[in-house]
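Let's take a walk through this structure together, one contact at a time. Keep the 3D view open and find each residue as it comes up.

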Amino acid sequence: MSRLDKVQIAPEMIDEFLLLYAQEGRTEGTIRVLRDILRTWYRSLPEDKLLTSDALEVWERHERGKEIAEETIRVRVQIVKRFLKYLEDPASFSVRKGKIEEPAPEKITSREEYLLLLQTAKEMGYRRTYLLIKTIVSLGIRNTELKHLSVEGLKKGTEWIPFSNSARSVKVFEPLRTELLEYAAERGIQEGAIFVKKDGLPLPYNLIWRDIKKVCRR
């Protein structure tokens, strides 16, 4: 970041950066997510908003101190890096080159919507759906990856989830870890996948979405 050392960051710079993505046809929901991430990083800067060589590194360490999934942190850091790349030479910056790994619009959920989903699932008595929603959002994993979330992994506090032909470590924080283990114990699940059908096989993704959509409709 040497070329940007001591550059003063302003909110207008973020808006100009996001305008390029809007012009490329990115959805309003995606732009909102990118803006929220960049504004969070902006607020972490010193009061004078001057960039330093370790600004991104300091912020990344701060994010890792929260109960956030590793994959979520990686994407957030990637977005800030793209913004800094833009600042180095705005005139030649290309949105398509070095594409940001953005969340799909249908997966974007505000904190308020997330909490409302959890509350509604509780009121409907859908405990499994409540835990499904909480697990997907808290761990930053896909519904297709839930079948790999196991009792054994939860007992260790860390789970290895196959992702894009590789494996990534997912830290399961409290109180979610305790809630999931209690759920498994109540249903006599002593090993293997946490979320299963009556026959003991992992819950398929189409049934997961069916349950979540019931809560969404309510």
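Start with Arg127 and Glu186, which form a salt bridge in this predicted model. Their closest N and O atoms are 2.3 Å apart. Now look at where the two partners sit: Arg127 belongs to helix α6 (residues 127-139), while Glu186 belongs to helix α8 (residues 176-186), so this pair ties together parts that are 59 residues apart in sequence.

Arg127, at 30%, is partly exposed.

Arg187 is partly exposed, with 44% relative accessibility.

How many salt bridges does the structure hold? The count is 10. Another one of them joins Asp199 to Lys197, and here the closest N and O atoms are 3.7 Å apart. That still counts as a salt bridge because the limit is 4 Å. Lys197 is partly exposed, with a relative accessible area of 31%.

Let's move on to helices packing against each other. Two packed helices are described by the angle between their axes and the distance between the axes. Take helix α1 (residues 11-23) and helix α4 (residues 70-88): they pack at an angle of about 100 degrees, and their axes are 11 Å apart. That angle makes α1 roughly perpendicular to α4, because anything from 65 to 115 degrees goes by that name.

Which residues do the touching? On the α1 side they are Met13, Ile14, Glu16, Phe17, Leu20 and Tyr21, and on the α4 side they are Arg82, Phe83, Tyr86 and Leu87. Sort the residues of this contact by type and you find eight nonpolar, two charged and no polar ones.

One last stop: find Arg111 in helix α5 (residues 111-123). Arg111 is exposed, with a relative accessible area of 58%. Now trace from Arg111 to Val137: the two are 26 residues apart in sequence, and their C-alpha atoms are 10.0 Å apart in space.

Definitions and conventions. Residues are numbered from 1 along each chain as its sequence is written. This is a predicted model: local features need pLDDT of at least 70, side-chain atom pairs count only at pLDDT 80 or more; totals for chains, interfaces and linings use all residues. Side-chain values use heavy atoms; hydrogens and water are left out. A salt bridge is a side-chain nitrogen of Lys or Arg within 4 Å of a carboxyl oxygen of Asp or Glu. Helices (H or I, at least four residues) and strands (E, at least two) are DSSP runs, numbered from the N terminus. Buried means under 20% relative accessible area, exposed over 50%, partly exposed in between (1.4 Å probe, protein chains only). Axes are lines fitted to C-alpha atoms, for helices over the stretch in contact, and angles run from 0 to 180 degrees between N-to-C directions. Angles under 35 degrees count as roughly parallel, over 145 as roughly antiparallel, 65 to 115 as roughly perpendicular and the rest as oblique. Contact means heavy atoms within 4.5 Å. Ala, Val, Leu, Ile, Met, Phe, Trp, Tyr, Cys and Pro count as nonpolar, Asp, Glu, Lys and Arg as charged, and the others, Gly among them, as polar.
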